[in-house]
Amino acid sequence: MLGGAGMLLGVAAAPAQAAEVTYATECVPPAISGLPPVQGTTRAEITAPAEAKVGDEVTITWKFVQAASKNPDVLDLDKDTVKPTGTLRAAGAQTAAVAMEGPRSNPPIPKNSDMKLPDMTGRLKLTAAGEVTLTPDAYAINVSKPLSTDTKCSPKETVKSAATIKVTAGGATSGGTTDGGPTATPPTPTPPTTPSATASDPGGTGGSGTGGSTGGGGQSDFPGKEVSVSYACKTPIGDKDATSPVQIDAKRNGGSFGLTVRFGKSVMDSPADIPADSVTPSMEVVLGGADKGTVHVEGPANSAPIKSGAPIEIPDLTGTYKPGASGKSTLSPGVLTVRALGTTTTCTPATTAVSLTLDTTEQAGGASGGDSSGSGGTASGGAAAGGTASGGLAETGAGSHSALKALGLVAGTVTLLGGAFLTFMPRHRTR
């Protein structure tokens, strides 16, 4: 029996294989660095099982023997500030784009020295018998300090396969196809949500995201749920995509509601001194359901100068929502505008994400078909004060005390004045 068990274990444990491939690569530094593209050579070692069967999900490792670009002669990179992501192509018996990702883990990297990148891993569900080849493709290097930047590297020649998995029949084939097979993508963390209160649930523990009725004697505070919003952003130096948790809370005042839009804090500091009264945020909250239009909310400018190395804190955005219709009305984060040092940066959500639903009663001059004074709602598509209804912010974030923090340009490479923009980094809320 022991001998038989040993034989079975020997069959189940497929040997791993590691093979190295070298290819010419072009790496494009972030736009704000002002640096030209770099031509270099990538040496990648790919490790995967030599044999497996249909239905297996295998782990693949990409080791950077050599990255194509060096740390330029600008600044030293701190420990654990570098994170690689990339794509590995599976071909042959099945086709797939395998998403590879490494941890933010690196030794200190002095300027003008080789990049030391951690290994990346990814998983592939095998769906067809035969030989599956594995070939490294494009990758990106994210550096988190002094601000989040990406260097994108792509092959400049046809890359040879680095490893081959011999796949035998005998497993389930569900969960993938042999043509354009599964893409192994690391799971995306879902931001925690705060259940919204309902009229029948005054304790605020309901999960429907519905506020209470506007009638007297009932609930007055209606916390929204935190939603993850994808922004398409335009800054004075280019476009940028961002994802941020945002929450909209309401407090009933007669037939109207006082709104508070809560973001959080970033993990980044300002690289240069910013004078007082230089940063002003605002947003157009989008109405839906029974009501239509937008509600303007804004926060005050920074009251004190912000020193280099200190966070740029922006308070909660507030405004008043006067309903223009009776029924269930939804509130969603809309266009976000930030004015700083004479420049305007805006972000437009890619999709509508409802944070709060309220039972509303139509008020004279309310949002739906109402005026555009900002005391109630504005016409749908209205622009934020000092901004426009199109364009984008850099990156938004959420965290403790509902503070939103921004970041300017890299000191020493780009002047903050006259060319400033704000970068908001997402971070999960703490309560």
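**Notebook: a look through a predicted model**

I searched the whole structure for disulfides (pairs of cysteine sulfur atoms within 2.5 Å) and found one. A disulfide is a covalent bond between the sulfur atoms of two cysteines. Before going on, I noted that this is a predicted model, where local features need pLDDT of at least 70 and side-chain atom pairs count only at pLDDT 80 or more, while totals for chains, interfaces and linings use all residues. I also noted that residues are numbered from 1 along each chain as its sequence is written, and that side-chain values use heavy atoms, with hydrogens and water left out.

**Entry: the disulfide**

Which cysteines form the disulfide? I found C27 and C153, with sulfur atoms 2.1 Å apart. The torsion about their S-S bond is about 110°, so the disulfide is right-handed. C27 lies in strand β1 (residues 16–28) and C153 in strand β11 (residues 149–155), so the pair ties together parts that are 126 residues apart in sequence. Strands here are DSSP runs of E with at least two residues, numbered from the N terminus. Are C27 and C153 buried or exposed? Both are buried, meaning under 20% relative accessible area; exposed is over 50% and partly exposed lies in between (1.4 Å probe, protein chains only).

**Entry: the cores**

Next I looked up nonpolar cores, which are sets of buried Ala, Val, Leu, Ile, Met, Phe, Trp, Tyr and Cys residues joined through side-chain atoms within 4.5 Å. The largest has 40 residues, and I46, I60, W62, L124 and L134 have the most contacts inside it. Among the elements giving two or more residues to this core are β1, β2 (38–49) and β4 (57–66). β10 gives the most, with five residues. I then checked I46: leaving aside residues up to four places away in sequence, its contacts (heavy atoms within 4.5 Å) include I60, W62, L88 and L134. A second, separate core of 27 residues includes V229, C233, A242 and A367.

**Entry: a hairpin**

I followed strand β17 (residues 279–289) into β18, and a hairpin of three residues joins them. The two strands pair in the antiparallel sense over six bridges; pairing needs at least two bridges found by DSSP. M283 has V297 in β18 as its bridge partner. Strand β18 (residues 293–298) is mostly covered, with five of its six residues buried.

**Entry: confidence**

Last, I checked pLDDT, the predictor's confidence in each residue, from 0 to 100. The protein chain averages 73, and 65% of the residues score at least 70. pLDDT stays under 50 over residues 171–217 and also over residues 369–431. Where pLDDT is low, the predicted coordinates should not be read in detail.

Technical notes: Helices (H or I, at least four residues) and strands (E, at least two) are DSSP runs, numbered from the N terminus.
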